[in-house]
Amino acid sequence: MMVVSDRIDQAVALLVEAHASGVRTLLPTDLTEAEAREVQIEVIRRRGSIGAWKIGLVSGVMRAAPIAIAAVASTGHHYPAITFGMRGLETEVALRLGRAFLAGGDPPTDRDIVDAIIEVRYAIEILDSRLSNWRNASTEHTLADGLNNAGLVLGAAISDWRRQNLAQPGATLFVDGNLRGRAEGNGSGDPVVLTVTLVRHCHTHGLDILAGTWITTGSSTGCTFVNEGANAIVRVNDEDVVGVAFGGIGGTR
């Protein structure tokens, strides 16, 4: 249950409005990290429901944020021109849980969590910020804003994933036909271990994870920023595994 405060109420209202209007905002300066976690959850709840989570290192510390179900799309999705201003792209691996982990239950074991993974897919996370000071925003403000998540595009399934090195998926990112990123390894660690960490994070903070939830686990190619009109494709062994396009006139930056 969210603990209501004036700071939390104000931050939630500002972020919900920013999502709706596309106009960036500033948050209260004195948000604590605990309040920021409450803000991120309430913003998603007001926009619908949680469809996925993201987890990764932020300034050397592991942090997590929910992703709205409306922000989860399939490969080939085309975003309209007005959707994003930042347009950062990260090549990731997303894992899907086949069972729920409820906050009121016993703490899950590592084996419980690993056994619950039923599917792994290549993915592109799209990054944007609702914050007008996003270039130098505090960790608390970035956390409140969902760690800059603006979308998750799911691609091809990774077959026999339990035998694969998911931290080094061998992916390359092409934008408008030009090589822009090569997978050198996931700086946040093993995606399976990160999934365990995420489920434990949610249990510790009293958050339910429903069956079917996706967890995306950090970039293996770094972050690539693209211009309006860009077309991005991730390839593995010369096969296209996930792609996304943006409206407008092509180009990259």
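**Group meeting: a walk through the model**

Buried here means under 20% relative accessible area, exposed means over 50%, and partly exposed is in between, with a 1.4 Å probe and protein chains only. You will find Val 242 in strand β13, residues 239-246. From Val 242 to Asp 160 there are 82 residues in sequence and 18 Å in space, C-alpha to C-alpha.

Some housekeeping, and I'll be quick. This is a predicted model, where local features need pLDDT of at least 70 and side-chain atom pairs count only at pLDDT 80 or more, while totals for chains, interfaces and linings use all residues. Residues are numbered from 1 along each chain as its sequence is written, and side-chain values use heavy atoms, with hydrogens and water left out. When I say helix or strand, I mean DSSP runs numbered from the N terminus: H or I of at least four residues for helices, E of at least two for strands.

Now to the sheet. Strand β13 belongs to an open sheet of 5 strands, in the order β4-β13-β12-β8-β9, with mixed pairing. Two strands pair if DSSP finds at least two bridges between them. At the edges sit β4 and β9 (178-182), each pairing on one side only. From one strand to the next, the twist averages 25°; for that, axes are lines fitted to C-alpha atoms, for helices over the stretch in contact, and angles run from 0 to 180 degrees between N-to-C directions.

Let's stay with β8, residues 171-175. Is this strand enclosed or open to the outside? All 5 of its 5 residues are buried, so β8 is largely enclosed by the rest of the structure. Ala 171, Leu 173 and Val 175 point one way, Thr 172 and Phe 174 point the other way, and all are buried.

What about the neighbours of β8? On to β9: 4 bridges join the two strands, which run antiparallel. Leu 173 has Gly 181 of β9 as its bridge partner, and Val 175 stands opposite Asn 178. The hairpin of β8 and β9 has 2 residues between the strands, and there Asp 176 takes a positive phi near 50°.

Next, the salt bridges. How many does the structure hold? There are 15, counting a side-chain nitrogen of Lys or Arg within 4 Å of a carboxyl oxygen of Asp or Glu.

Take Arg 24 and Asp 128, whose closest N and O atoms are 2.8 Å apart. Arg 24 is in the loop between α1 and α2, and Asp 128 is in the loop between β6 (117-127) and α4 (139-144), so the pair ties together parts that are 104 residues apart in sequence. Arg 24 counts as partly exposed at 33% relative accessibility, whereas Asp 128 counts as buried at 7%.

Glu 33 and Arg 37 form another one, with 3.5 Å between the closest N and O atoms. These two are 4 residues apart in helix α2, so about one helical turn separates them. Glu 33 is partly exposed at 27% relative accessible area, and Arg 37 is partly exposed at 21%.

Then there is Arg 96 with Glu 119, at 3.5 Å, N to O. Arg 96 lies in strand β5 (residues 88-97) and Glu 119 in strand β6, so this pair links parts that are 23 residues apart in sequence. Arg 96 is partly exposed at 29% relative accessible area, while Glu 119 counts as buried at 16% relative accessibility. There is a network as well: Arg 7, Asp 30 and Glu 35 are joined by salt bridges that share partners.

Last stop, the largest pocket. Its lining has 35 residues, and His 19, Thr 83, Phe 84, Arg 130 and Ala 150 lie nearest its centre. A pocket is an open set of points on a 1 Å grid over the protein atoms alone, where a 1.4 Å probe fits, with protein on both sides within 12 Å along at least five of seven lines; lining residues have an atom within 4 Å of a point. The largest share of the lining, 5 residues, comes from α1.

Thanks, everyone, and happy browsing!
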